[in-house]
Amino acid sequence: MIYIEKSAQHTYLAELTAKEHNVEVIDDGFEIEDKKSNIVISNHTDNFVHRCPATNIYRCCNYHVVDIMQGCPFDCAYCILQLYLPHKHIRVAGNTDNVLADIKAAVKDQKRRIGSGELSDSLAMDKTIPLSKIIVPFVNNLDNILFEFKTKSDVIDNLLNLNPKNVMVSWSLNPASIIEQEEPYTATLERRLKAAETISSYGYNVGFHFDPLIMTEDFEKLYGDLIENLTSRIKEESVEYISISTFRCPSELMNIIRQRKSPSILTKGDFIKGIDGKTRYFKAERIRMIGFVTEKLKKQWKKPFIYYCMEHSSIWEKILNYDPGEREEFETYFPCYK
Amino acid sequence: MEIKIIENINKDLFNINENNNMPAFALSINGIYYQISGFKMSGSEYIYYGEYSANDAINLSISFINNISFKIIIKIYEICNKLNADINKINIFQEKNIKGRKSFETLAKALNLPENLIDFIDIKDIPLKTVSLITCQQENIINFIAEHIKYNDLSMQAFRKYVEKVCDFKEIIPENYSADFQFPDTRSKSHIEIDEKYTELINNFKNIKINNLDSFESPKLNISFDISSLDDYENILNILENNKINIKLFYELLEKYGLK
């Protein structure tokens with residue numbers, strides 16, 4: 001069900017949504033049933049654009065995120081939203097003018113990569129809440145921006161009618177069997193790859209996030225096949241960047257995962273407490289896993305920029321033979337900054 | 001307050017504390033009489049407090065209980081539900097820092113835990129988040145944990161880790177408890193090899209403490225020792241010198257796995 005708070009009723013997004021879907025107008029602050037299938041469009045007052053939270057000590061790429069939507073229809077076992085958000089329903093900022101103003105301010109003096117997929121999936125709800133129709137035309141009129149829609153869906157229809165100028169679309173990827181077990185309700189691997197093929201044929205650059213890599217007995221077979229599949233279908237020239245990182249999380253999230261109905265492979269790994277306090281795989285295994293995926297990708301693709309998210313500089317040096325430095329220095333390695 | 005003969009009184013709802021040696025107090029909620037203490041007393045004469053709201057009645061009845069155990073807390077929650085009380089106005093929950101939907105869901109489910117497990121949670125003061133983890137599991141998992149504590153006196157920390165392990169491997173937990181049941185070793189080959197060499201190193205260094213403090217996220221080994229004489233100092237130097245080769249081999253092992 002889509003709910004619109006009274007104060008957001010006459011926003012452009014609310015009117016756009018109400019044109020195509022049944023909505024119910026509610027009083028501001030009215031408590032709806034808290035479930036993932038409920039959406040509330042309301043006026044938000046936060047700062048919308050901020051640095052990705054990242055972590056201490058491990059390398060951070062200075063990515064920025066825009067929190068226009070909070071909540072996700074998917075139910076990935078490892079999702080940090082289970083810890084971050086106090087609600088299951090999806091909240092959307094109806095006051096998109098404020099959101100866009102924040103985006104504009106963020107890129108006023110310097111180039112930024114900004115994405116909308118931190119507190120939500122960027123595109124999963126795009127058929128219902130067509131944020132891409134508002135965001136894309138706006139960012140295309142800005143200088144200094146590369147806007148990233150990050151998704152586990154195949155909801156790209158709206159984008160096919162928009163200009164890809166300052167926009168890219170990226171997919172989180174895992175082997176099909178892991179997607180089925182640990183990423184319920186998301187698009188299958190096949191549908192994600194098909195969507196990536198389609199969107200790149202419409203002139204969009206694409207990205208891929210091998211994150212989280214999950215430790216399994218047949219890791220090399222599963223991820224090896226995944227990379228073969230990916231690299232045989234997507235044109236290398238259309239790939240803007242690829243990130244790789246292994247599963248990591250605050251320790252409290254492990255207990256949340258343990259409380260899920262279905263058993264998860266996530267809790268069976270060789271874990272230690274990282275220097276940042278997060279639960280991570282034993283470092284030698286991280287090197288093995290990240291090293292394997294990096295090497296496999298580089299065998300097929302020479303050009304796309306590969307980077308590691310929230311990883312120690314020593315792992316960069318070990319596998320890629322350099323340390324990108326921190327934040328502003330790190331981001332200069334991205335293609336869009338050259 | 002007044003002394004009152006009350007024939008038609010509910011003696012069960014508030015009878016949650018076995019060690020209640022208070023006088024027989026009573027009150028009424030919406031005209032219905034409830035005994036709230038002195039349950040060992042017989043007869044129908046009560047010290048009647050008057051008409052109370054559900055919230056105030058519960059708060060008053062709790063004030064007569066000295067030791068509020070986990071068992072008592074879950075029974076208080078049960079009373080709140082039966083009387084439709086506002087849990088936000090029940091003082092004991094705030095005092096025990098029990099708040100949020102999840103915590104109260106745990107209390108509701110905890111009513112059905114095996115008795116010995118509830119007693120264990122009480123005695124060992126097991127945190128509510130560990131109890132939450134247990135109450136979310138299927139019955140066979142809960143029973144497995146309840147059986148295990150019959151034969152093993154675990155500390156609070158050890159119990160927490162045990163519960164986490166059981167939950168991690170819930171799909172291979174046998175239907176019937178077995179003391180021989182072993183959890184798989186989740187350490188990788190590299191980790192096992194490094195751990196074994198690390199243990200050897202610690203043993204070789206005798207009374208010199210040698211430590212890695214970050215699970216080999218860095219190759220840093222912290223070495224420390226105490227001396228009380230020149231002889232001690234010379235002994236230490238000997239041990240350090242004799243272990244040069246072991247240190248070399250250990251760092252070669254770390255290098256093999258990219259940790260140096």
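## Terms and basis of the model

Two residues are in contact if their C-beta atoms, placed from the backbone, lie within 7 Å. The structure is a predicted model, in which local features need pLDDT of at least 70 and side-chain atom pairs count only at pLDDT 80 or more, while totals for chains, interfaces and linings use all residues. Residues are numbered from 1 along each chain as its sequence is written, and chains are lettered from A and ligands numbered from 1 in the order in which they are written.

## Chain A as a whole

Chain A contains 11 helices and 16 strands; helices (H or I, at least four residues) and strands (E, at least two) are DSSP runs, numbered from the N terminus. The radius of gyration of chain A is 20 Å, close to the 20 Å given by the globule rule for 338 residues, so chain A is as compact as a globular protein of that length. This radius is taken over C-alpha atoms, and the rule is 2.2 Å times the number of residues to the power 0.38. The C-alpha trace of chain A spans about 55 × 45 × 35 Å along its principal axes.

Of the 338 residues of chain A, 47% are buried. A residue is buried if 20 or more other C-beta atoms lie within 10 Å of its own, exposed if 12 or fewer, and partly exposed in between, with C-beta atoms placed from the backbone. Among contacts in chain A between residues at least 6 apart in sequence, 76% join residues at least 24 apart.

## Helix α4 of chain A

In helix α4 (residues 131-139) of chain A, the buried residues are A:Leu131, A:Ser132, A:Ile135, A:Val136 and A:Val139. Seen down the axis of α4(A), these residues fall within an arc of 105°, so they line one face of the helix; the arc is that of the directions from the helix axis to the C-beta atoms. An α-helix has 3.6 residues a turn, so residues three or four places apart point the same way. The partners of the buried residues of α4(A) are β6 (69-70), α3 (96-106), β9 (145-151) and β10 (167-172) of chain A.

## Contact between chains A and B

Chain A gives 19 residues to the contact and chain B gives 20 residues. On the side of chain A that touches chain B, the elements giving two or more residues are α8 (251-258), β14 (271-273) and α9 (283-300) of chain A. The largest share of that side, 4 residues, comes from α9(A). By class, the side of chain A that touches chain B has 6 nonpolar, 6 polar and 7 charged residues. Here Ala, Val, Leu, Ile, Met, Phe, Trp, Tyr, Cys and Pro count as nonpolar, Asp, Glu, Lys and Arg as charged, and the others, Gly among them, as polar.

## A helix pair in chain B

Helix α7 (residues 139-151) and helix α8 (residues 156-168) of chain B pack at an angle of about 145°, with their axes 11 Å apart. Axes are lines fitted to C-alpha atoms, for helices over the stretch in contact, and angles run from 0 to 180 degrees between N-to-C directions. B:Ile141, B:Phe144, B:Ile145 and B:His148 in α7(B) meet B:Tyr162, B:Val163 and B:Val166 in α8(B). This contact has 6 nonpolar, 1 polar and no charged residues.

## Backbone features

A cis peptide bond, with omega of about 10°, joins A:Asp211 and A:Pro212. A:Pro212 is found in strand β11 (residues 205-213) of chain A.

A:Asn321 has phi near 65°, a positive value in a residue other than glycine. A:Asn321 is found in the loop between α10 (313-320) and α11 (328-331) of chain A.
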